[in-house]
Amino acid sequence: MASRQDGFTLVEIAIVLIIVGLMLGGVMKGQDLIDNARVKSLTSDFRNVPLYLYAYQDKFRAVPGDDAAVDAHLGARLCQRSCRATGSGQVQGNGVVEGAWNSTNRGDESFRFWQHVRLAGLAAGPTDVNAPDYLPRNAIGGPLGITAGSTSPIGTLRGAQVVCSRGIPGRFARQIDIALDDGDTATGSIQAMADTATSAAGGVDAVDNDLPYTLCMGF
């Protein structure tokens, strides 16, 4: 008498493969949605920072961070001791935000920029410069900041001011450049440099999809 061997039928195997395929498709779709949300958030950062500056300038006739009369503009109650920048060698009132874009020095104009626009009601976030989450972070978790065009970390960028954001994967950097500029991370108003670099003579010509970059925009 022949022995009986149990196993999966072709129909059962096909059903399992379909289910696995649907699950993988759902995971990939979910990751696409997450990535798209991150790109939108990163793109918004580059749009919003100039808007903060222009709105503050329109309201007070001064540049946030660089505002020499910030205590009078925002009021003693909000500023308490003083909101004015005190960075060494930085000139308040000269129309540009001096200091490194990712500065952690509480006296730098680039550091105080965030306090000024937040106290003016233009941006959300802590106004206490000692708060652990005072400095803004992008959707990837990297630092976001502003500096004068003359101290741009990428030499070929043009503009009175430069906004930079770190830790952006190359595939995101390309999408942001397409949305806001010319789609080439080596030219135009948006350029990229290696994430490990503190400065670069020019933008990266061809970004690697999976490597992180610092993306900067001049305006």
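Which helix holds the place of Met23? Met23 sits in helix H1, residues 10-60. Helices here are DSSP runs of H or I with at least four residues, numbered from the N terminus. The model is predicted: local features need pLDDT of at least 70, side-chain atom pairs count only at pLDDT 80 or more, and totals for chains, interfaces and linings use all residues. Residues are numbered from 1 along each chain as its sequence is written, and side-chain values use heavy atoms, with hydrogens and water left out.

Met23 counts as exposed because its relative accessibility is 56%. Exposed means over 50% relative accessible area, buried under 20%, and partly exposed in between (1.4 Å probe, protein chains only).

Now turn to helix H4, residues 109-119. Here 11 of the 11 residues are buried, so H4 is largely enclosed by the rest of the structure. Among them are Phe111, Phe113 and Trp114. Just after H4, Gly121 takes a positive phi of about 80 degrees.

A pocket is an open set of points on a 1 Å grid over the protein atoms alone, where a 1.4 Å probe fits, with protein on both sides within 12 Å along at least five of seven lines; lining residues have an atom within 4 Å of a point. The lining of the largest pocket includes Leu78, Arg112, Gln115, Leu119 and Asp128. Helix H3 (76-79) and H4 each give two or more residues to this lining. H4 gives the most, with three.

The second largest pocket is lined by 14 residues. Asp45, Tyr52, Pro136, Arg137 and Leu144 lie nearest its centre. H1 supplies the largest share of that lining, five residues.
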